[in-house]
Amino acid sequence: VFPGSVDAAGQRATLGVLGGGQLGRMFVHAAQRLGYFTAVLEPDVHSPAGQVSHHHIQTGYDDPAGLAQLAHLCQAITTEFENVPAQALQTLALTRPVAPSAAVVGIAQDRVAEKAHFAACADLSGVTCAPYAVIETLAQRQAVQAERAELLPGILKTARMGYDGKGQVRVKTAEELAAAWAELGGVACVLEKMLPLTAECSVLVARGWDGQVVSFAPQRNVHVEGILAVTHAYAGNMPPTLAERAQAAAVAIAQHLGYVGVLCVEFFVVDDGSTHGGLIVNEMAPRPHNSGHYTMDACDASQFDLQVHTMAGLPLPQPRQHSPAIMLNLLGDVWFDASGQLQEPDWRSVLSLPGTHLHLYGKLEARAGRKMGHLTITGPDVASVKTVARRAAGLLG
Ligand code: ADP
Ligand code: MG
C-alpha cells in the first residue's frame with residue numbers, strides 16, 4: 001500500500017499499530033512523514049502513540065470491536081509491544097496483512113519457545129544460547145536442583161511477560177532457586193547459567209514480504225540493572241569479526257522464522273579464551289528496539305522507516321549509517337534531584353551541546369525506571385561524539 005493512495009471506497013492509505021507506547025509513537029511519526037494516515041489501538045487515554053496518531057482506538061488489545069475497527073481503518077497492521085496477545089494479531093490477520101505474524105510474536109513472547117527456535121537454527125546462525133533448563137513444574141525444579149548444578153549461579157527468568165530485567169531473580173544456590181521460583185509465583189520459567197559477559201550487542205534486521213533482508217551493523221549496549229542505559233553505534237564499537245558474526249546470525253534467525261518486519265536480536269559476548277570472545281544469542285524482540293533508536297538520527301533510514309516499509313510492502317534499500325552515534329536512555333530517575341525532589345533536567349545546557357537529538361515520549365509523569373525519552377549524540381567522528389556524550393551524561397546526573 002503506497003502512501004497517499006485512496007482506495008475505491010475513498011479511504012486514504014492508513015497504517016495501524018497495536019500498542020500505544022513510545023515505539024508506537026516513533027512508528028507513527030515515521031509513517032506520517034511518508035504521508036500515511038495512522039491508527040493506534042491502545043487502552044491508555046494519554047499514551048505516547050495515541051497522542052500523535054490520526055486515529056486512537058481506546059480499547060483493550062483483545063477487544064473484538066476495537067480490533068474490528070482497526071482492521072476497518074487500516075490497510076496493514078503491525079505491533080509495537082511484544083506482550084500484545086498473539087491471538088489479537090491472529091484475528092487481525094484474517095482480514096489484513098499483519099507483520100510480524102502472530103506465530104513469530106508468539107515465539108518471541110515465550111523464552112522456552114524462543115530458545116527452542118535458537119537451538120533449531122544454531123547450525124545456520126552459528127550461535128547458541130546460554131546453558132539453561134526449563135522449570136514449569138515442581139518435579140522439574142527438583143530435577144534441576146539435583147542434576148544441573150552447573151547452571152548455578154544463574155538467573156531464573158519467567159518464560160513470559162518479562163522485560164527490562166523484570167521477572168528475573170539471580171540465584172546462587174539450590175535453596176535460593178527454590179525460594180526464587182516461589183517468589184515468581186511458580187510460573188513457567190527458565191533457569192539460565194550466569195555468564196561472565198564482556199559486552200552485549202544487538203542487531204536490527206528488516207525482512208520484507210518477498211524475503212528481501214537488510215540489516216544494521218551491531219550496536220554495543222550497556223545495561224544497568226537489567227535496563228538499557230547506553231548504546232554505542234559506530235565502526236570499531238566491537239571487534240569486526242564478532243560484529244560480522246552477530247549480523248549474519250541475526251539475519252539467519254530472521255530468515256529461519258520467515259519473519260516479516262523489523263526484528264532485534266540481542267547477543268552476549270563472553271570470554272571463551274579466543275581472541276575476540278564468543279558470541280551467545282540472548283533473546284529477540286519482534287519489533288524495533290530501544291537499542292536501535294540511534295538510527296533515527298544517524299542513518300538514512302531508521303528502524304521505524306524500515307518497519308513502515310516492510311509492513312506496507314515498499315522497497316527495502318540497505319540503510320546506511322552516515323554518522324557515528326551514542327544513545328543515552330533517559331529514565332524517569334533523571335527528573336529527580338539527589339533529595340528525591342522532582343526537577344526538570346537542564347535541557348538548556350544539554351541542547352547547547354553540538355549534535356544532540358532529544359526525543360521525549362510525551363509521558364505525563366516521570367517515575368524511577370520509566371523510559372521517558374532518549375538523547376542521541378551524532379558528530380563528525382567517534383572521539384567528538386564520545387566527548388559530547390560524556391558531557392551530556394554529566395549534565396543528566
Ligand atoms: P529482558 O527481557 O528483561 O531484556 P534479558 O534476558 O535480556 O531480559 O536480561 C536483561 C539483562 O540481564 C541482559 O541484558 C544482561 O545484562 C543481564 N543478563 C541476562 N541473562 C544473563 C546471563 N545468563 N548471564 C549474565 N547476564 C545476564
Ligand atoms: Mg533483553
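1. **Overall form.** The model is predicted, not experimental. The chain has 397 residues, and a compact globule with that count would have a radius of gyration near 21 Å. The chain has 21 Å, so it agrees with that expectation. Along the principal axes, the C-alpha atoms fill a box of roughly 65 × 50 × 45 Å.

2. **Secondary structure and packing.** The chain holds 13 helices and 17 strands. Buried residues make up 45% of the 397. Of the contacts with a separation of 6 or more, 62% link residues 24 or more positions apart.

3. **Annotation.** An unreviewed UniProt entry places "domain: ATP-grasp" at residues 119-312. Over that stretch the chain is 30% helix and 32% strand. Its end C-alpha atoms are 31 Å apart.

4. **Domains.** The chain is divided into domain 1 (14-98), domain 2 (131-193) and domain 3 (197-395). The C-alpha centres of domain 1 and domain 3 lie 23 Å apart. Their contact takes 17 residues from domain 1 and 17 residues from domain 3.

5. **The domain 1 side of that contact.** H1 and S4 each supply at least two residues here. H1 gives the largest share, seven residues. By class, this side has nine nonpolar, five polar and three charged residues.

6. **Ligand 1.** Which residues come nearest to ligand 1? They are Ala 130, Glu 192, Leu 195, His 223 and Gly 226, out of 18 residues around the ligand. The shell has six nonpolar, five polar and seven charged residues. Domain 2 and domain 3 each contribute at least three residues to the shell. Four strands each supply at least two shell residues: S6 (154-158), S8 (189-193), S9 (197-207) and S14 (278-285).

7. **Helix H11.** Why is H11 (residues 303-312) described as largely enclosed by the rest of the structure? Because 10 of its 10 residues are buried. The run goes from Gln 303 to Ala 312, and the buried residues include Phe 304, Asp 305, Leu 306, His 309 and Met 311.

8. **What H11 packs against.** The buried residues of H11 pack against strands S1 (14-18), S4 (76-79), S9 and S13 (261-270). They also pack against helices H1 (22-33) and H10 (295-298). Two of these partners, H1 and S4, also supply residues to the side of domain 1 that touches domain 3. S9 is also one of the strands that supply the ligand 1 shell. Just after H11, Gly 313 takes a positive phi of about 70°.

Terms used: Residues are numbered from 1 along each chain as its sequence is written. Chains are lettered from A and ligands numbered from 1 in the order in which they are written. This is a predicted model: local features need pLDDT of at least 70, side-chain atom pairs count only at pLDDT 80 or more; totals for chains, interfaces and linings use all residues. UniProt positions are given in the numbering used here, feature names are shortened, and annotations may be inferred rather than shown by experiment. The radius of gyration is taken over C-alpha atoms; the globule rule is 2.2 Å times the number of residues to the power 0.38. A residue is buried if 20 or more other C-beta atoms lie within 10 Å of its own, exposed if 12 or fewer, and partly exposed in between; C-beta atoms are placed from the backbone. Two residues are in contact if their C-beta atoms, placed from the backbone, lie within 7 Å. A residue is near a molecule or strand if its C-beta atom, placed from the backbone, lies within 6 Å of it. Ala, Val, Leu, Ile, Met, Phe, Trp, Tyr, Cys and Pro count as nonpolar, Asp, Glu, Lys and Arg as charged, and the others, Gly among them, as polar. Domain bounds come from an automatic or database domain assignment.
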